[in-house]
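Okay, thanks for making time this morning. Let me put the structure up, and then I'll walk through a few packing details.

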Amino acid sequence: MFLIVPLPLWAAGLVLASTTSTEQSGLFGVLLPAFKRATGIEVKVVALGTGQALDVARRGDADVVLVHDEAAEARFVAEGQGIDRRPVMANDFVLIGPAADPAGVAGADIAVAMARIARADAPFISRGDRSGTDAAEQRYWALTGSPQNRGRGWRACGCGMGPALNMAAALGAYVLSDRGTWLAFRNRADLKILVEGDQRLRNRYHVMRVNPALHPQVRAREGQLFVDWLSSPEGQAAIASYRIGGEPVFFPSNLGPDFSRPAPPTSQAPRPLGRSASRALPPSAR
């Protein structure tokens, strides 16, 4: 059983700063007991958005990080804060929305989908929390050519993936989610996956140690053991074994760099968008 612990963190055991997507998907309930059986080391998890998780590590309040924003990770390593960065797993992002799909986004093109949401002024819940998912969302808005035009229905919650999905379910809104958290999410109302299969939706996770040369208080030995184990055949097998409803949630990196999910059937191609299909958040929810 994994623990979510408050800061600052100086108790015995390894401190892992990671993302809400890995925590809320349930993955740590499989990984961390397996690591403890192999090494005897207990892991305490700080689950935040990727940007906040890296900030925790910058303060030396974590020993290892497991995150999914490659640009932010590269900056962290360039600063000398992170060392021994390794790819460990991947999944994908999916665009969730109401089954009626008032903006007409269903299909396999995330750029077209985001443009249609903006044009329809459709309700969209953004994480707005500097997480890996939030960074991905910003990339997808940029693909539309007008990244600042997100429609009048766009709203940032400044929250984790689970609360963002709850808000989308309550408001009948669109939301970008990692697949793992979506599979574990039960309060779906009439939400469903509308866009998947675009290669640009790939979502890669890396693990790295916090540099003990900058933060001598970190548990360097335990961190090395965790990084080695997670990227070992045993750790990769533990990742591959985790499923929700029989569906794999994360794919270990030893599957290779060309990980992707198949595109949905062509019958799900995006529909023409009419202004009459727009749907905005009520004034009280803006």
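**Helix packing and a few buried spots**

Let's start with helix H3, residues 50–58, where the buried residues are Thr50, Gly51, Ala53, Leu54, Val56 and Ala57. Buried here means under 20% relative accessible area, with exposed over 50% and partly exposed in between, using a 1.4 Å probe on protein chains only. Helices are DSSP runs of H or I with at least four residues, strands are runs of E with at least two, and both are numbered from the N terminus.

Quick housekeeping: this is a predicted model, so local features need pLDDT of at least 70 and side-chain atom pairs count only at pLDDT 80 or more, while totals for chains, interfaces and linings use all residues. Residues are numbered from 1 along each chain as its sequence is written, and side-chain values use heavy atoms, with hydrogens and water left out.

Back to H3. Its buried residues pack against strands S2 (14–19), S3 (43–48), S4 (64–67) and S10 (202–210), plus helices H4 (70–78) and H6; contact means heavy atoms within 4.5 Å. Just after H3, Gly60 has a positive phi of about 80 degrees.

Now, H6 has a partner in helix H5, residues 110–120: the two axes come within 8 Å and cross at roughly 80 degrees. The axes are lines fitted to C-alpha atoms, for helices over the stretch in contact, with angles running from 0 to 180 degrees between N-to-C directions. So H5 is roughly perpendicular to H6; that label covers 65 to 115 degrees, with under 35 roughly parallel, over 145 roughly antiparallel and the rest oblique. Who makes the contact? On H5, Ile110, Met114, Ile117 and Ala118; on H6, Glu137, Tyr140 and Trp141. By class that's six nonpolar, no polar and one charged. For the classes, Ala, Val, Leu, Ile, Met, Phe, Trp, Tyr, Cys and Pro are nonpolar, Asp, Glu, Lys and Arg are charged, and the others, Gly among them, are polar.

Gly153 is in the loop between H6 and strand S7 (154–156), and at 0% relative accessible area it's buried.

On to the rings. There are six aromatic pairs, counting Phe, Tyr and Trp (its six-membered ring) with centres within 6.5 Å; planes under 30 degrees apart are stacked, over 60 edge-to-face and the rest tilted. Phe93 and Tyr140 have ring centres 6.5 Å apart and planes at 75 degrees, so they're edge-to-face. Phe93 is in strand S5 (82–98) and Tyr140 in H6 (132–142), so the pair ties together parts 47 residues apart in sequence. Phe93 is buried at 1%, and Tyr140 is buried at 2%.

Is Ser177 buried or exposed? Buried, at 0% relative accessibility. Leaving aside neighbours within four places in sequence, Ser177 contacts Asp92, Phe93, Val94, Ile96, Met161, Leu165 and Trp182.

Last one: H2 (28–39) packs on H9 (220–230) at about 115 degrees, axes 11 Å apart, so H2 is roughly perpendicular to H9. Leu31, Leu32, Ala34, Phe35 and Ala38 in H2 meet Leu225, Phe226, Trp229 and Leu230 in H9. That contact has nine nonpolar, no polar and no charged residues. Phe35, Phe226 and Trp229 form one aromatic cluster.
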